[in-house]
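The report that follows describes a single protein chain, moving from its overall layout to particular residues and contacts. Please read it alongside the sequence and coordinates.

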Amino acid sequence: MMHVMDDPTGVTHDWIPSDRFYELAAELGVGERRLEDWRKANLVPRPALRGHEGRRPLWYYPPHSERQLEAAVRWRRRSHGLGGISVALWAEGFPIPVEHVRADILDNDLTLVYIGIRIAFEHGWAHVYSLPLQHDLFA
């Protein structure tokens, strides 16, 4: 019998079951170990515990997770490492913590960062132009 908890985490019906997320990752050539590395690098979100089926925990990913995983795979194909990918994902509008974006910019080759910001400019994402955000990123 499945028991779903009342949800203080904000998980709603459109969240993605972890089984489905792992299936998509496998279809895209991303194994569980790589997925964990990408979670640690903030390239894909962490799941939220939604309940239990017997003793088995039920983990769910936020609704944007599939799109973010697909984008991370696309950027990883263009990069030799993980450096700069979080900036590109952030520039595409995914919820990457600003502290991680700042660290990624300062710790890596800026070529991929530049590409990500150019894409943001071309798509008119106004938050890239934000002076307060620039101060947050580089201060």
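## Arg-20 and its salt bridges

At a relative accessibility of 31%, Arg-20 counts as partly exposed, where buried means under 20% relative accessible area, exposed means over 50%, and partly exposed lies in between (1.4 Å probe, protein chains only). The side chain of Arg-20 meets that of Glu-66 in a salt bridge with an N to O distance of 3.5 Å, a salt bridge being a side-chain nitrogen of Lys or Arg within 4 Å of a carboxyl oxygen of Asp or Glu. Because Arg-20 lies in helix H1 and Glu-66 in helix H3, this pair ties together parts that are 46 residues apart in sequence. Glu-66 is itself partly exposed, with a relative accessible area of 23%.

Arg-20 also forms a salt bridge with Glu-27, at 3.9 Å from N to O, and Glu-27 is exposed, with a relative accessible area of 59%. Elsewhere, the side chains of Glu-53 and Arg-56 meet in a salt bridge at 2.8 Å, N to O; Glu-53 is partly exposed at 35% relative accessibility, and Arg-56 is partly exposed with a relative accessible area of 40%. Through salt bridges that share partners, Arg-20, Glu-23, Glu-27 and Glu-66 are joined into one network. The search of the whole structure finds seven salt bridges.

## Model and overall layout

This is a predicted model, in which local features need pLDDT of at least 70 and side-chain atom pairs count only at pLDDT 80 or more, while totals for chains, interfaces and linings use all residues. Residues are numbered from 1 along each chain as its sequence is written, and side-chain values use heavy atoms, with hydrogens and water left out.

The protein chain holds seven helices and four strands, these being DSSP runs numbered from the N terminus (helices: H or I, at least four residues; strands: E, at least two). Along the sequence they follow the pattern β-β-α-α-β-β-α-α-α-α-α. Of the 139 residues in the protein chain, 38% are buried, and the accessible surface comes to about 8300 Å², with 54% of that area belonging to carbon and sulfur atoms; these areas come from the Shrake-Rupley method with a 1.4 Å probe, and for residues only the protein chains shown count as cover. Among contacts with a separation of 6 or more, 61% are between residues 24 or more positions apart, contact meaning heavy atoms within 4.5 Å.

Helix H1 spans residues 18–27, and its buried residues are Ser-18, Phe-21, Leu-24 and Ala-25. They lie on the same side of H1, because they cover an arc of only 120 degrees around the axis, the arc being that of the directions from the helix axis to the C-beta atoms. These buried residues pack against strand S2 (16–17), helix H2 (32–40), strand S4 (56–61) and helix H3 (65–77). On the face of H1 turned away from its buried side are the exposed residues Ala-26 and Glu-27, and just after H1, Gly-29 takes a positive phi of about 85 degrees.

The axes of H1 and H2 come within 10 Å and cross at roughly 105 degrees, where axes are lines fitted to C-alpha atoms, for helices over the stretch in contact, and angles run from 0 to 180 degrees between N-to-C directions. H1 is therefore roughly perpendicular to H2, a description that applies to angles of 65 to 115 degrees. Phe-21, Tyr-22 and Ala-25 of H1 make this contact with Glu-32, Leu-35 and Arg-39 of H2.

Ser-86 is found in helix H4 (residues 85–91) and is buried, with a relative accessible area of 0%. Apart from its neighbours within four places in sequence, Ser-86 is in contact with Ala-41, Leu-43, Ile-96, His-100, Val-101 and Asp-104.

Gln-68, placed in helix H3, is likewise buried, with a relative accessible area of 2%. Its contacts, again leaving aside neighbours within four places in sequence, are with Asn-42, Leu-43, Val-44, Pro-45, Leu-89, Phe-94, Pro-95 and Ile-96. Asn-42, one of these partners, lies in the loop between H2 and strand S3 (48–53) and counts as partly exposed at 26% relative accessibility. Although Asn-42 is not a glycine, it has a positive phi of about 60 degrees.

Definitions and conventions. Angles under 35 degrees count as roughly parallel, over 145 as roughly antiparallel, 65 to 115 as roughly perpendicular and the rest as oblique.
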